[in-house]
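Subject: The structure I promised you

Hi,

Here is the structure we talked about, with its sequence.

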Amino acid sequence: RSPYRPQVHYYSPRLQARLLHIRSYRTTFVEAPSGAGKTTAVQDFFGGPDQDGNLVRWFVASEEPPTSGWRRLCRILGDIDPVAGERLLHLGFPVEENQGDVAQALLEIRCDRETYLICDNFQFLHPSLPASVWRALVDHGGKGLRLLVLTQLLSARGLPVLGNADVLRIDNRDLCLRAEEIGEYYRL
């Protein structure tokens, strides 16, 4: 009889297949309620041997003033593209007067090396971003950059962006186990 191993993370073949598609999309949304396993699944996916050599950057939004979260995100973008990061920091938090310039800076990000920017808890920052900036972040300019947005359920305001053909959506249906998968997990 094998010992109980509470740290075994089981991911259904369906979810594993969806996660493998991340490499093929400019932007991926992982959208599910709190506690669904979004962060753990993505951490485990990027901790695997298949991701060796890829650059992975994490931005974790929190319940803080949006300007603070935006500055932290811009600094991480600066690790990926120093010119764009500096420009975004100089422009400051996107508001009506500068949203076009901020959006343009996001669309001009340069990134040729395969790089993953994971934005976790994005539900804290998303509501403060003008629609044009939100769209430009999703459509960013980095050829090698793959953006992953981990978020609780988006408001209706955020959903039109997901119509983009280059957006992969992983949601609660992908994360939840079906009856036969629960049996497989139990056997492990």
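Below is what turned up, going from the whole chain to single residues.

Before that, some ground rules. This is a predicted model, so local features need pLDDT of at least 70 and side-chain atom pairs count only at pLDDT 80 or more, while totals for chains, interfaces and linings use all residues. Residues are numbered from 1 along each chain as its sequence is written, and side-chain values use heavy atoms, with hydrogens and water left out.

The overall picture

You'll find eight helices and five strands in the chain. Both are DSSP runs numbered from the N terminus: helices are H or I with at least four residues, strands are E with at least two. Along the sequence they follow the pattern α-β-α-β-α-α-α-β-α-β-β-α-α. The chain has 188 residues, and 45% of them count as buried. Buried means under 20% relative accessible area, exposed means over 50%, and partly exposed is in between (1.4 Å probe, protein chains only). Taking contacts (heavy atoms within 4.5 Å) between residues at least 6 apart in sequence, 79% join residues at least 24 apart.

Salt bridges

Side chains of opposite charge can pair when their charged atoms come close. A salt bridge here is a side-chain nitrogen of Lys or Arg within 4 Å of a carboxyl oxygen of Asp or Glu. The whole structure has eight of them, and here are some to look up:

- Glu181 and Arg14 pair at 2.9 Å, N to O. Glu181 sits in helix α8 (residues 179-187) and Arg14 in helix α1 (residues 13-20), so the pair links parts of the chain 167 residues apart. Both residues are buried.
- Arg18 and Asp174 pair at 3.8 Å, N to O. This pair links helix α1, which holds Arg18, to helix α7 (residues 172-175), which holds Asp174, across 156 residues. Arg18 is partly exposed, at 26% relative accessible area, whereas Asp174 counts as buried at 14%.
- Arg169 and Glu31 pair at 2.8 Å, N to O. Arg169 is in strand β5 (residues 167-171) and Glu31 in strand β1 (residues 27-31), 138 residues apart. Arg169 is partly exposed, with 34% relative accessible area, but Glu31 is buried at 6%.

A polar atom of the Lys38 side chain lies 2.9 Å from the backbone oxygen of Ala32, and one lies 3.0 Å from the backbone oxygen of Pro33. Leaving out residues up to four places away in sequence, Lys38 touches several residues, including Val30, Glu31, Leu150 and Leu175.

One more residue to check

Asn121 is in the loop between β3 (115-120) and α6 (131-138). Its phi is near 55°, a positive value in a residue other than glycine. Asn121 is partly exposed, with a relative accessible area of 27%.

Cheers

Definitions and conventions: A polar contact is a pair of N or O atoms within 3.5 Å; within protein, one must be able to donate a hydrogen and the other to accept it, and residues adjacent in sequence count only if both atoms are side-chain atoms.
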